Amino acid sequence: MKKEHTLLAESCRLACAVNDAAPEERTAEGGFTCASAPRMKRIFSGLMLLMSVFALICLSGCTATTAEYDQDYADEAVTSYVEWMLSMDEETLEGMLEYPTSALDEDELIQYEGLQTYYNILDEIGAYAGSYGDYTYKNSSDEVIVNVTAEGTKRTFTIELIFDVDQGYFFLTSISCTADYSLGEKLVAAAQNTVIGVVIVFIVLILILIILSQLHRIDMAIDAVTGWFTKRKAAKAAKQSGQQTGNAPAPSGVTAPAGQPAAATPASAEDYIDDTELVAVIAAAIAASEGTAPDGFVVRSIRRSDKWKRGK
């Protein structure tokens, strides 16, 4: 007993030394009290409070409630839906799925969607082989998820049913079917998707490189098309301007100088002949008859005349 008192006294001395406090008095049992005792008590109380809160949180998580129902009733409900679905062959499913969804209520629409998922995997699983496994239940506070593995002629598949539980009664909210694949098949499918993705990326990159390498040709093509339209527009404007000039009347009150022939009136568009060689020949003939150089006058227009025919 004395040894225990001695240990308590030494502990008190150490606590006082850590807190830079001196023992105030010796107790009747030979121990000491110090000024740091209230502080240590507060620290200890705080730690205990934290531990209590942590324990309450853990207990609240562990004591979460789950839906309460009768297991036999649950098995019967699941069996009725599973056997109803598996009893349909492909032809029956096609007939059921032709029914218009607009005429279905909420419960019938859930069953319709389940049949649709079953029909979509028929090519992968084959026909129903006639057996299915045990039910696997996953419970929550107000919901139950049931998984059933069934045998197909090609592979197994899983039927998942989700029920809302209200006062022990099951209400179907979802039903679906998925084909089961082995780990090797999943890895092969993942590799194929990866390869396809990489190939698509490289094809897009190659197309981008081709487009970038041909940008100068594209610019040249654009410039050529633009130039063609510009030339066409300019030629059209020049043609319109020439027609207006040829059809304009001669200025009144203007006479030709003496010794020079009067300028002929402009010809109409029908009588005007735009032929450079013909103009040169006529100009040379007139110059020879007049005894002058061809550059001493200008031939402005040429008109067809019927005098030669009448003279004959």
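This note comments on a predicted model of one chain, point by point.

1. Basis. Residues are numbered from 1 along each chain as its sequence is written, and side-chain values use heavy atoms, leaving out hydrogens and water.

2. Overall content. The chain holds 10 helices and six strands, taken as DSSP runs (helices H or I, at least four residues; strands E, at least two) numbered from the N terminus. Of its 312 residues, 17% are buried (under 20% relative accessible area; exposed is over 50% and partly exposed in between, with a 1.4 Å probe and protein chains only).

3. Surface and contacts. Accessible surface amounts to about 23700 Å², with 60% belonging to carbon and sulfur atoms (Shrake-Rupley method, 1.4 Å probe). Among contacts (heavy atoms within 4.5 Å) with a separation of 6 or more, 46% join residues 24 or more positions apart.

4. Leu115. L115 sits in helix α5 (residues 106-120) and is buried, at 2% relative accessibility. Beyond residues up to four places away in sequence, L115 touches W84, M85, M88, L93, M96 and L97. M85 is 30 residues from L115 in sequence, with a C-alpha to C-alpha distance of 7.0 Å.

5. Salt bridge. The count is one salt bridge (a side-chain nitrogen of Lys or Arg within 4 Å of a carboxyl oxygen of Asp or Glu). R155 pairs with E185, their closest N and O atoms lying 2.9 Å apart. Because R155 is in the loop between β4 (143-152) and β5 (157-166) and E185 is in helix α7 (residues 183-213), the pair ties together parts 30 residues apart in sequence. E185 is partly exposed, at 33% relative accessibility.

How values were computed: This is a predicted model: local features need pLDDT of at least 70, side-chain atom pairs count only at pLDDT 80 or more; totals for chains, interfaces and linings use all residues.
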